[in-house]
Amino acid sequence: MKHLLSFIIAVFACFAVSAQATDNSPKPVKWQFSAEKKTDKEYILHLKGTVDKDWVLFSTTMSDDDPNTRIVLDSASAAVAHITGIKETGNLEQRKEALFDNLEIRFFRNTVDLEVTVELTAPLTGALKGSVNYMALKGDEVVGPEEEAFKFQPDNSGNLASVAAGLQESSDQAQSLKRSSIDLKHPVNDCGTSSGTQDDKKQSLWGLFILGMLGGFIALFTPCVFPMIPLTVSFFTKQSKDRKKGVANAILYGFFIFLIYVLLSLPFHFLDSINPEILNNISTNVWLNLIFFAIFIVFALSFFGLFEITLPAGLANSVDSKSSVSGLVGIFFMALTLALVSFSCTGPILGSLLAGSLSTNGGAIQLTVGMAGFGFALALPFAIFALFPGWLNSLPKSGGWLTSVKVVLGFLELAMAMKFLSNADLVMHWGILKREVFFAVWIIIGICITLYLFGILRFPHDSPIKKLSKGRIGLALFFLAFTLYLVPGVTNTKYANRALISGFPPPLHYSIYGTDAAKGVEANVVNDYEKALKMAKEQNKPILIDFTGWACVNCRKMEENVWPTEEVKTLIEKEYILVSLYVDDRKLLPENEQFLFTTGNGFKKEIKTIGDKYATMQTENFSNNSQPYYVLISPDEKLLTHPVGYTPNAHEYAEWLKCGLEAFKKLK
């Protein structure tokens, strides 16, 4: 548990790297592939490697635990064939390598020919595919495992011919993403805006700042932070020569707390500048969501008192030792010490904020704003109580109520964990956490919180409750009311749509009752752009493109709160062809539709999934990667209005749709 923060950072780094564009750095081994037929069921694959100067290629005879080279067939080919032997032809050398603790290594220089015997266990109906996974060494530099894919296509005589493996660039398929007729700067009607109005942007960022502040205020009332307020304020006011200096130091201390949390968001700006889709890829990555699910379960168990999550003691002690330095440096390290030692309480709340900000698909600026709100709320009391030290006497005394706060937060962490599991489930279409199941889990958690606050459910480390305070009763009644509010969510009625939490549960159509459970416009949606284009031409209607995501909170709010309103619903169903394109859908495209695409900024990007296709289509044509994002075009792909983003005002959204219809009439 001590290295949990380092683990989270490492996970983000790994997924950030994997989400970037294809690496164009040269590989130290170049491969050529050919095959010969021995019998109807046996083939010899010749995999010839040319090794760059000063590099050595590890032998296939090295063990699995050591640097090696391996030949593997992909899952489809492995179902009808298996490798029965590998023969290496070349000058095999061996030596002890100091880099690997004098391990005896076997390797090749210059060239090697790997003769791989493959035996068929069933008729080969498609291509025989696999890869060479190799490692190579040059001095102290080790690369790999590098993957070099191969593909052999059978002809009518049963012979195998090597064809290009991996994704190839295709001008025809590239044109399916970059639509040349769409002119973003010159729509037919000058209504809407390419990225939402400035007021919308400010409102969204202010909303995130306030949410961050709310998280910071919650963190204040935890056992790791709350007792520090009077101690720290008293330290500054008493240690300084005059009150004015003490107040200034306390305010500076609060500013440094704020600054530290803002600085934590800066690496994500670097990732965002490398690839505008990278934060969206991180937030919707299945494995990362599952890791967050597990982490939040661990956080919850920690809040329940099963164990304590702390940063390495050496790190905290090292930072604390520098806080004794006088002046600005000492005050900064005091603030950093607070951030580190309070991690066991603030970490789960901060993790919720971080993951939630990434999931809004709005870029790194939203994360910075949320972190700024968190840091501001955490720093505010130190400045206020330094200005008005008499107010310290009005603070409640530390006691058992702080433990109760942690337990309630533990239950809330369990609820948040369900959101991350739901994200992974939606993106992969597993069907394990349908909408009603999600509601049922949240209802159970709500009941547990209510019982705990009323003193019926207790934990071994809880202090005895002599009398329920008014605050505790009020909070219990709040959670009871919220739990009752959730109950219709498990039904197949018109009340199943719970507007207050739109976006957190799975969408209405992801239901145990089937797609008919969706009563709104989304029940009539098309998910294929080319199909929508064809329908638009046949029916002579404009197209409403909805760039959306399975894990997009604001998308669900639009679908459940704006689209079902009578005015909007009528316009969409009668006047438009609606196509919803999921940018985070991880379902693989058919093999003949997968290709390598060169983006406008020169990156090579693999288009392998539905999400890859439509996320790239959005960024290439509209210079925007946030969701929801709405575009109105004619059947011949003329832009009718400026696209718009999240528009919670139904009347405003309807007016934009009407403006698109007026533009369509102009074209006709």
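This is a predicted model: local features need pLDDT of at least 70, side-chain atom pairs count only at pLDDT 80 or more; totals for chains, interfaces and linings use all residues.

User: How many helices and strands does the protein chain have, and what share of its residues is buried?

Analyst: The protein chain has 21 helices and 16 strands. Buried residues account for 49% of its 668 residues. The accessible surface of the chain is about 31500 Å², and carbon and sulfur atoms hold 59% of that area. As for contacts between residues at least 6 apart in sequence, 73% join residues at least 24 apart.

User: How is an aromatic pair to be read, and how many does the structure hold?

Analyst: A pair of aromatic rings is described by two values, the distance of the centres and the angle of the planes. The structure holds 28 aromatic pairs.

User: Is tyrosine 261 buried or exposed, and is phenylalanine 374 buried or exposed?

Analyst: Tyrosine 261 counts as buried because its relative accessible area is 2%, under the limit of 20%. Phenylalanine 374 is also buried, with a value of 0%. Another edge-to-face pair consists of tyrosine 630 and tyrosine 653, at 5.3 Å between centres and 75° between planes. Tyrosine 630 lies in strand S16 and tyrosine 653 in helix H21, so this pair ties together parts 23 residues apart in sequence. Both of these tyrosines are buried.

User: Which residues form an aromatic cluster, and which residue lies over the face of tyrosine 452?

Analyst: One aromatic cluster is formed by Phe304, Phe411, Tyr452 and Phe459. Arginine 472 lies over the face of tyrosine 452, 5.3 Å from the ring centre.

User: What is the idea behind a salt bridge, and which residue forms one with arginine 179?

Analyst: Side chains of opposite charge can pair when their charged atoms come close. Arginine 179 forms a salt bridge with glutamate 530, and their closest N and O atoms are 2.9 Å apart. Arginine 179 is in the loop between helix H3 and helix H4, while glutamate 530 is in helix H17, so the pair ties together parts 351 residues apart in sequence. Arginine 179 counts as buried at 10% relative accessibility, whereas glutamate 530 is partly exposed at 37%. The count of salt bridges comes to 14. Lys27, Glu146 and Glu148 are linked in a network of them.

User: Why is helix H18 described as largely enclosed by the rest of the structure?

Analyst: Seven of the ten residues of H18 are buried, so the helix is largely enclosed by the rest of the structure. Among these buried residues are Val553, Cys555 and Met558, together with Arg556 and Glu559.

User: Which residues make the nonpolar surface patch, and where is valine 487 placed?

Analyst: Ile473, Leu477, Leu480, Leu484 and Val487 make a nonpolar surface patch of about 400 Å². Valine 487 is found in the loop between helix H16 and helix H17. With 37% relative accessibility, valine 487 counts as partly exposed.

Methods:
Residues are numbered from 1 along each chain as its sequence is written. Side-chain values use heavy atoms; hydrogens and water are left out. Patches are made of residues with over 30% relative accessible area and no salt bridge: like charges are joined within 9 Å, nonpolar side chains (Val, Leu, Ile, Met, Phe, Trp, Tyr) within 5 Å. Accessible areas come from the Shrake-Rupley method with a 1.4 Å probe; for residues, only the protein chains shown count as cover. A salt bridge is a side-chain nitrogen of Lys or Arg within 4 Å of a carboxyl oxygen of Asp or Glu. Helices (H or I, at least four residues) and strands (E, at least two) are DSSP runs, numbered from the N terminus. Buried means under 20% relative accessible area, exposed over 50%, partly exposed in between (1.4 Å probe, protein chains only). Rings of Phe, Tyr and Trp (its six-membered ring) pair if their centres lie within 6.5 Å; planes under 30 degrees apart count as stacked, over 60 as edge-to-face and the rest as tilted. A charge sits over a ring if NZ of Lys or CZ of Arg is within 6 Å of the ring centre and within 35 degrees of the ring normal. Contact means heavy atoms within 4.5 Å.
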